[in-house]
Amino acid sequence: MRAALLLLLLWVAGATTALGQTTDPNRIPPHLDPARTANGLALTPPMGWNSWNRFACNIDEATVRAVAEAMVTSGMRDAGYACVVVDDCWQGPRDARGFITADPERFPSGMRALADYVHSPGLKFGLYSDAGRTTCAGRPGSQGHEFQDAMTYAEWGVDYLKYDWCATGTRDAEEAYALMADALRATGRDIVFSICEWGQNRPWLWAEKIGNLWRTTGDIADRWDGIDRWMHGVLVIVDRNEPLWPYAGRGHWNDPDMLEVGNGGMTVSEYRAHFSLWAMMAAPLIAGNDIANMDESTREILTNREVIAVDQDRLGVQGRRVWRDGGREVWVKPLAGGERAVLLFNRGEEPAEIEATWEMLGLPESLRLRVRDLWRHRDLPPARGRVSARVPAHDVVMLRLAP
Ligand code: GLA
């Protein structure tokens, strides 16, 4: 009897360790843990909508409901945008037992009800938290409450967690994100895990089996170029995210931040280029505009299925720049079935002729390929050896080449 009790105690102690308590000094560090496997989610880059870029802290349940409805009526859901994510500022205080609550003024019906509402037309529901004591907007963070929060999210029906890095002090990033990944896994619910530490700890080197996507830069601004403190223009982000192409793959993606398409700070050409570059980089396509009130040119960009298909290609290879001369660039993304997406990208202030040769694309010179223009939705004459186009300033021509 006594022996049986002892065995039971030992078994319980072992199980606790397996659940991943970091307080155990004997615990294997996450990157050396042979048992940690990827969660099997996000085999193509996640698609959805997030409240932050357009609404920041001015978010409430009526706005989220209106967006969820508009995701359906605008065709966004059917184009592949699956998840509605509420970013910072949804949190109220923790209750007496330490459980997180929703802000009672902004979300009086609670998160469970909101998740149900978002789920009803077949959308997924996401939330935001932070690995520190507080979020970036000063709401309660998850530090010290990881398993409790993960359990709460699972009960509410959360399908996606964006996990930020403010107020983390001296915490080790890999440990902190691995702990939350374990907590999410322990719920038994499929929850996509979005790492948001802005590339500061080089997550591409350690996060492959911890998260499904990791931010590679500071925050995106609704502008073409330049940096203003924490806010980064599209070109700045592109140049930081592009060299990381070898680290992306099915289930684990570089995240150059959410889309600004439709927020008003850039021209239609610039938004088309922004969207095309994100698709070439196999980036998560998380719209950040007011879906319920978007104009037709915004809707056309965001729901261009031919461009989305490049982003979502099942090969899961991030595209890269293969040639540049001043403001003229050629990008290529290998696709399943031996196809290629090619981007002729003009950063310059004047229209420019840009040519992609088969040599740049790593193809035999004599190969004859079919050519499809993904923005004009038109087949062009088949090409051999090279393809070229006149590209307006701050714009792109995006092609798909097929044998
Ligand atoms: C950080 C993140 C943003 C957003 C805000 C919310 O800046 O990088 O994407 O989530 O916090 O406070």
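This note goes through the strands, the cysteines and the ligand site of the structure in numbered points.

1. Basis of the note. This is a predicted model, in which local features need pLDDT of at least 70 and side-chain atom pairs count only at pLDDT 80 or more, while totals for chains, interfaces and linings use all residues. Residues are numbered from 1 along each chain as its sequence is written, and side-chain values use heavy atoms, with hydrogens and water left out.

2. Strand β2 and its side chains. Helices (H or I, at least four residues) and strands (E, at least two) are DSSP runs, numbered from the N terminus. In strand β2, which covers residues 83–86, Cys 83 and Val 85 point one way and Val 84 and Val 86 the other way, and all are buried; buried means under 20% relative accessible area, exposed means over 50%, and partly exposed lies in between, with a 1.4 Å probe and protein chains only. In a regular strand the side chains alternate between the two faces of the sheet.

3. The neighbours of β2. Two strands pair if DSSP finds at least two bridges between them. Strand β1 (residues 47–50) is joined to β2 in the parallel sense over three bridges, and Asn 50 has Val 85 in β2 as its bridge partner. Strand β5 (residues 124–130) also runs parallel to β2, with four bridges between them, and here the bridge partner of Cys 83 is Lys 124 in β5.

4. The disulfide of Cys 57 and Cys 89. A disulfide is a pair of cysteine sulfur atoms within 2.5 Å, and the structure holds two of them. One joins Cys 57 to Cys 89, with an S to S distance of 1.7 Å. Cys 57 lies in the loop between α2 (52–55) and α3 (61–73), whereas Cys 89 lies in the loop between β2 and β3 (91–94), so the pair ties together parts that are 32 residues apart in sequence. Cys 57 counts as partly exposed at 24% relative accessibility, while Cys 89 is buried, with a relative accessible area of 0%.

5. The disulfide of Cys 136 and Cys 166. In this disulfide the S to S distance is 2.1 Å, and the torsion about the S-S bond is about 95°, so the disulfide is right-handed. Cys 136 is in the loop between β5 and α6 (146–156) and Cys 166 is in the loop between β6 (160–164) and α7 (173–186), so this pair ties together parts that are 30 residues apart in sequence. Cys 136 is partly exposed, at a relative accessible area of 39%.

6. When the bonded cysteines of the protein are numbered in sequence order, the pairing is 1-2, 3-4. Cys 83 is in no disulfide, and the nearest cysteine sulfur, that of Cys 196, is 15 Å away; Cys 83 counts as buried at 5% relative accessibility. For Cys 196, the closest cysteine sulfur is in Cys 136, at 6.9 Å, which is too far for a bond, and Cys 196 is itself buried, with a relative accessible area of 1%.

7. The ligand site. Which residues are closest to the ligand? The ligand is surrounded by 14 residues, and the closest are Asp 87, Asp 88, Lys 162, Asp 164 and Asp 219, where a residue is near a molecule if one of its heavy atoms lies within 4 Å of it. By class, this shell has eight nonpolar, no polar and six charged residues; Ala, Val, Leu, Ile, Met, Phe, Trp, Tyr, Cys and Pro count as nonpolar, Asp, Glu, Lys and Arg as charged, and the others, Gly among them, as polar.

8. Distances to ligand oxygen atoms. A polar side-chain atom of Asp 219 lies 2.5 Å from an oxygen atom of the ligand, and for a polar side-chain atom of Asp 88 the distance to a ligand oxygen atom is 2.7 Å. An N or O atom in the side chain of Arg 215 is 3.2 Å from an oxygen atom of the ligand. The protein covers 95% of the 310 Å² of accessible area that the ligand has on its own, with areas taken from the Shrake-Rupley method with a 1.4 Å probe.

9. The sheet of three strands. An open sheet has the order β9-β11-β10, with mixed pairing. Its edges are β9 (219–220) and β10 (227–228), each with a single partner strand, so one side of each is left without a neighbour in the sheet. Strand β11 (residues 231–232) pairs with β10 in the antiparallel sense over two bridges, and Met 231 in β11 stands opposite Asp 228.

Technical notes: Polar contact = N/O pair within 3.5 Å; in protein donor to acceptor, adjacent residues only side chain to side chain.
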